[in-house]
Structure formats: structure tokens, C-alpha cells
Amino acid sequence: MEKVWILDTTLRDGLQSPVLTLTTSERIQVAELLSELSVDVIDIGYPAISVDEANVVKEIVKAVGDRSKVTVLSKPEKREIDIAKESIANAKAGRIHLFVPVSRIHLTVLEVVRNIDLLGGMIEYAKEGGFEVELTLEDALRADEDFMEKVVDVALDFRVDVINIADTVGIGSPYMVGKVVRKLKGRIGDRSIISIHCHNDLGMAVANSVEAIREGARQVHVTLLGIGTRAGNASLEEVVVALVTLGDLGVKLDVNLKSLARVVKSFSKLAGYPIPPHKPIVGDSVFYHKAEYMRIAVVRERTTYEIIDPEMIGLTPRRIVLSRFSGKPIFKEKLVELGYSLTEEEMDRAYSKFRELAEVKQQIVEDDIEAIVEEVFYERNDKIKLVDYYIEMKADSKPNAKVILEYNGKRFSGSATGDGPIDAVYKAINEALGINVFLVTYNIMSVTSGKEALGEVFLKIRLRGEEFSGRAIGVDIVRSSIDAYLRAINKSDLEM
Ligand code: KIV
Ligand code: ZN
């Protein structure tokens, strides 16, 4: 079986998504997650675009460069290659990723000179110092074929390590991508690894990536949750599980499958990017069977209706553990069994959150309990606390909110009118604290299934030039929205 290399580009191409903004520390945490997952190469950025970007890349190298291979993007020109090399100089294994457009439209509109004479020299230059070199054929699915083949020949003459076929605009179908890879494989043979990079504009990025591998590609570019520009990229979790599940491809992977679900879920929390319930592999509903006959069948034989073994990707079956009739001692016992250790006061708060949920939800599963405890843990570090809030709403007028907050034993209050209740309450908080906050992203979705489920709010704010994320869970979405907002403000270490 031949190995397929997984190159994750969440921290470079994924960041082109308008809904993904990560602070330096969050980018480092994502790199650490990818390292834990044992992806083969982590694409960590494009250092030549700014000094700040180059500094972030260096920080990521400090964090994971001793255990993971890293790559950075660069145009095939000396200035950018120098910056790229310098930024990953301290990595144990580094790769310079050069790119050239190969379609007429990209060459013309991007005003790139069709001079491939210089390309070979740039590949040679990038390799100096022991770096691997990957060359992307940008917009390869609409390529001017003669030109693309000339580029490939030059790259092979200069012993490029990887040739990446990029469906930059997501126009390929599995048939088309398969055909391009087959043709290039015929030209390249084993002289270089063929890689595939697919965008998802037609919803086929994963299928296209799998087809490319069937035709001989041995590296695939992916992003966590398929995040990326426009409709995104091929999703890491879907490609990986497809390659493992489709037995006819004859390939193997080195990723740490058991940590897949945890890594993707942690990324979602960190990025403030919720996972839709029907998202393949990691969505909340994908191992859930509503129909009684399906449930019975799955208990008899899982594969009757499930083609993926949840345990293979580190998911444990969800167990119903408590109900509204469960008293505090049973709740306490359950927390101990799940490995949590809470102070008496935290236990009281966790239990009252549990009672609140049990009022509306008949069966409480382990996921619910974990969400409650996480919420209590978060509260440990909050300096600014919510004392109370009021919202006045009428059909024909804008909502009005008042909040009372506490900081170091002192109370602060603010009131404001907003376009909706959450807008009003956020403005009231800003007034109480005397700050100007810009809401960068705000997302809400249910954490657990059912109409009585816990709602989870993810948001990101910009405060005094820096971005902070906040997350909170509860049955009341206004309360969760306030908690998430305050949590993000608390992360900024605001002094009053
Ligand atoms: O989509 C694209 O063409 C890219 C390359 C730089 C790999 O992201
Ligand atoms: Zn791309």
C-alpha cells in the first residue's frame, strides 16, 4: 500500500475564509492540534505578504517545528523565497511552496509574465539550504495545456519534490480531475510526487481529491471542516475518512485517526466556527438514527446503517445518563465518573445549570454534562461578572436593555437600545464598561440534539486593536450571548 501525504492548509488557504479570523495564539493552537493529529505537512502561511505574517509563521515554527514538517507559500522570486526560508529556518523539516498560474485567464488578469526560463533557477534557489520544494500549478483545471506541460518539464528538470495540481476555482468534476491527474502522471511518472488541491465551489472538492488519489496523486491538500475561500477547500476529516473507508484505493495514511473528532471539534470551538449537525464525519446528527427500526438495526449490527465506525475517529457512543429525577448525589457521582473535579461552589452552579436543562430536556446525555462543566470551568477566570440584566421588548419599538456588571467588587451599569435584544444588551455592556467593541463574528447553534437542546454561542470581538473569541452554552440564548460576549472581553484583561 502506498502512503498518501496529508497537507493541511487551514492556516494559509483556510484563513482566506471570510468567517475565519484567528489570533496568533489561536493559530499556534491550531498548529498544535494538527501536529497531534500527525498530519504530514502543515501549511503555516505566506510570510512575504507582511512582516506580521512572517512573525506569526516564526511563532508557529517555534511551537511545532521540532515535530511537524511545515511549509510556507512563496512566489518563485528571490525576495519572497528569502523571506520564506528565513521564516521556517528553525523547523526540523521545511518546505517552500512556489506557485505559478497556468491558465490563460489567470496569466492575463494577474499580469504574470509567461517566462518559465526563470522558474528552474528559482526552484534550485528555493532548494538551497536543504528545503523541499513544492510547485503549485494554479488554476490547472482550466490550464493552457502546452504551457502547463512546459512548466512541469522545467520543474522536473530541476528536481522539484512535489507538483501540486490546484483546482483553484473549484470547476473540476471527479472525471475531469481524474483525467488531468492521469495525464500528468504519465508525464511525471515517479520523478516527483503528485499532489491535489481542490476548492469546493461545486461541492465536489472531496470527491475530486479522492479521484486524484485513485489516479496516482500521493499528497492531498485539505483544511479542517473544509474551511477556505468562497465555498472552501476539501475537508480534512472527510478526505481522511473516505480514504480509509473506501477500501479499493490501496493507500494508507499516517494520521492519528483516534484524535480526529476531538481535533476537529476543538478547532471549531477555537475558531468560533460551529459544525452544522449534518456535516459528514463530525456533525451531531451523523451517528444519530431517529427511526426506531434503524436504531434497533444498528444495535443488532452497526453497519446496517452506519458505514463509519465512530470509535475509529475517537467518538464514544452517546449515553443517556441522567434525567430531571436525578438528584444532586447522582449528578455528583456522574461528574466524578467522567473525571471532573469541581469545588463545592462550582458543583452547586453546575447542578443548577443541570436542573435548568433537565426542566426542558428529558434525557441528559454525556455531551450535555460536558458542556455544562466546561461552562463552569470558563467562569473560573472571568473577572467581569454579570449581576443582572433586563430587556424590554415590544412589537413596534426597538428593544431596550439594561445590564449590571461587577468588577473587583464594584458595580457598573449601562443601558442601551438596539436593533435586536442581543444588539441592545451588547451596547449596554459597552456602556457599562466604557469600551468600544466591534463584533467580528457571531454564531449560534444547538450543541445537543432535540428542540430543548443547549444553544452554543460562538463569537469574536475586536477590542483595542486585538481580537478575542468567546463561547458560552445554555438553554437561554440571550444569556448565552451575554456570557460569550463577557468571556471575550474578559480575555482582553481589561483594567477598569
Ligand atoms: O487555490 C490555489 O490555487 C492555492 C494555491 C496557492 C495552492 O491555494
Ligand atoms: Zn487554494
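In which hand does helix 8 pass helix 9? Helix 8 passes helix 9 in a right-handed crossing, and the legends below set this crossing beside other views of what is a predicted model.

**View 1. The packing of helix 8 against helix 9 in the predicted model.** Helix 8 covers residues 205-214 and helix 9 covers residues 236-245, and their axes come within 10 Å and cross at roughly 45°. Because of this angle, helix 8 and helix 9 are oblique to each other. On the side of helix 8, the residues that take part are Val206, Ser209, Val210 and Ile213, and they meet Glu238, Val239, Ala242 and Leu243 in helix 9. Sorted by class, this contact of helix 8 with helix 9 has six nonpolar residues, one polar residue and one charged residue.

**View 2. The packing of helix 6 against helix 7.** Helix 6, made of residues 145-157, packs with helix 7, made of residues 174-188, at an angle of about 40°, and the two axes lie 11 Å apart. Helix 6 and helix 7 are therefore oblique to each other, and helix 6 passes helix 7 in a right-handed crossing. Here Glu149, Val152 and Leu156 come from helix 6, while Leu184, Arg187 and Ile188 in helix 7 are the residues that they meet. The residues of this contact of helix 6 with helix 7 divide into four nonpolar and two charged, with no polar residue among them.

**View 3. The packing of helix 13 against helix 14.** The axes of helix 13 (residues 344-360) and helix 14 (residues 366-379) come within 10 Å of each other and cross at roughly 135°. That angle makes helix 13 oblique to helix 14, and the crossing of the two helices is right-handed. Helix 13 brings Glu346, Arg349, Ala350, Lys353, Phe354 and Leu357 to the contact, where they meet Asp368, Ile372, Val373, Glu375 and Val376 in helix 14. By class, the contact of helix 13 with helix 14 has six nonpolar and five charged residues, and no polar ones.

**View 4. The residues around ligand 1.** Ligand 1 is surrounded by Asp13, Leu73, Phe99, Thr136, Glu138, Ala166, Thr168, His197 and His199. When the shell around ligand 1 is divided by class, three of its residues are nonpolar, four are polar and two are charged.

**View 5. The division of the chain into domains.** The chain is divided into domain 1 (2-271), domain 2 (287-317), domain 3 (322-380) and domain 4 (385-491). Taken over C-alpha atoms, the centres of domain 1 and domain 3 are separated by 43 Å.

Key
Residues are numbered from 1 along each chain as its sequence is written. Chains are lettered from A and ligands numbered from 1 in the order in which they are written. This is a predicted model: local features need pLDDT of at least 70, side-chain atom pairs count only at pLDDT 80 or more; totals for chains, interfaces and linings use all residues. Axes are lines fitted to C-alpha atoms, for helices over the stretch in contact, and angles run from 0 to 180 degrees between N-to-C directions. Helices (H or I, at least four residues) and strands (E, at least two) are DSSP runs, numbered from the N terminus. Angles under 35 degrees count as roughly parallel, over 145 as roughly antiparallel, 65 to 115 as roughly perpendicular and the rest as oblique. A crossing is left-handed if the near helix is turned anticlockwise from the far one by less than a right angle, and right-handed if clockwise. Two residues are in contact if their C-beta atoms, placed from the backbone, lie within 7 Å. Ala, Val, Leu, Ile, Met, Phe, Trp, Tyr, Cys and Pro count as nonpolar, Asp, Glu, Lys and Arg as charged, and the others, Gly among them, as polar. Domain bounds come from an automatic or database domain assignment. A residue is near a molecule or strand if its C-beta atom, placed from the backbone, lies within 6 Å of it.
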